[in-house]
Amino acid sequence: MMVMSLKLYFHPLSSFCHKVLIALYETATPFEPCIVDLLGDAQEFKAIWPIGTIPVLRDEAKDRTIPETSIIIEYLAQYFPGQTQLFPADRDLCRQMRLRDRFHDLYVNAPMQKIVTDRLRPEGRNDAHGVEEARNLLKVSLGMIEEDMAHNRWAMGDQFTMADCAAAPALFYADMVAPFRDTHRNTAAYLDRLMERPSYARVLKEAEPYFSMVPK
């Protein structure tokens with residue numbers, strides 16, 4: 001029986017966890033999935049990562065705990081290079097790719113999550129101003145992506161990279177909370193390509209039993 005060196009602590013609904021799962025499946029990196037119930041076993045998980053955020057990668061062989069999505073994917077590229085190279089070899093292109101990665105995390109994923117989590121707040125504790133700001137930021141970000149994807153297949157052109165790992169779940173959930181298919185055709189076509197990519201199609205299939213938990 002093969003012992004897995006890598007353990008991924010995650011939840012199948014988490015958009016940021018989707019990002020890392022896409023990278024793992026793209027590179028065909030074997031790992032042990034460890035689903036975290038942040039309400040039920042939060043204390044046990046915080047013994048591994050006291051901040052308590054997911055995903056977190058644990059490399060048992062090297063006794064290392066690696067948090068934060070982009071850092072996890074970079075760690076995988078360094079120590080577990082797979083069949084898909086998610087980082088351009090050219091340093092300037094790699095810098096541009098990192099910008100697009102951060103763009104989707106900070107300006108699509110983060111405001112999308114603000115809108116979703118506000119629906120989970122107790123009655124009378126909602127943040128209407130914060131949600132309005134998030135929707136405005138999301139609108140601006142989607143407009144920029146719409147222009148960019150008029151000429152590109154993937155975030156960096158023809159090469160699928162870490163930036164696309166970030167874009168896929170960010171856009172998937174953004175389309176749930178602020179549908180954009182009728183107004184942003186290039187972005188919608190890009191999202192369709194991402195969802196058809198075998199790595200993300202697998203992530204979405206595995207998340208299906210949990211989608212009923214997403215607040216409407």
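Helices are DSSP runs of H or I with at least four residues, and strands are runs of E with at least two, both numbered from the N terminus. Y107 is found in helix α4, and so numbered from 1 along its chain as the sequence is written. The model is predicted: local features need pLDDT of at least 70, side-chain atom pairs count only at pLDDT 80 or more, totals for chains, interfaces and linings use all residues, and side-chain values use heavy atoms, without hydrogens and water.L106 is also found in helix α4. L106, Y107 and L137 make a nonpolar surface patch of about 240 Å². Patch residues have over 30% relative accessible area and no salt bridge; like charges are joined within 9 Å, nonpolar side chains (Val, Leu, Ile, Met, Phe, Trp, Tyr) within 5 Å. A salt bridge is a side-chain nitrogen of Lys or Arg within 4 Å of a carboxyl oxygen of Asp or Glu. Areas follow the Shrake-Rupley method with a 1.4 Å probe; for residues, only the protein chains shown count as cover. Y107 and V140 lie 33 residues apart in sequence, and 8.7 Å apart in space, C-alpha to C-alpha.

The second largest pocket has a volume of about 200 Å³. A pocket is an open set of points on a 1 Å grid over the protein atoms alone, where a 1.4 Å probe fits, with protein on both sides within 12 Å along at least five of seven lines; lining residues have an atom within 4 Å of a point. The volume is the space filled by probe spheres set on the points. The lining includes L99, F103, M144 and D148. Helix α4 (91–118) and helix α5 (128–148) each supply at least two lining residues. Helix α4 gives the most, with four.
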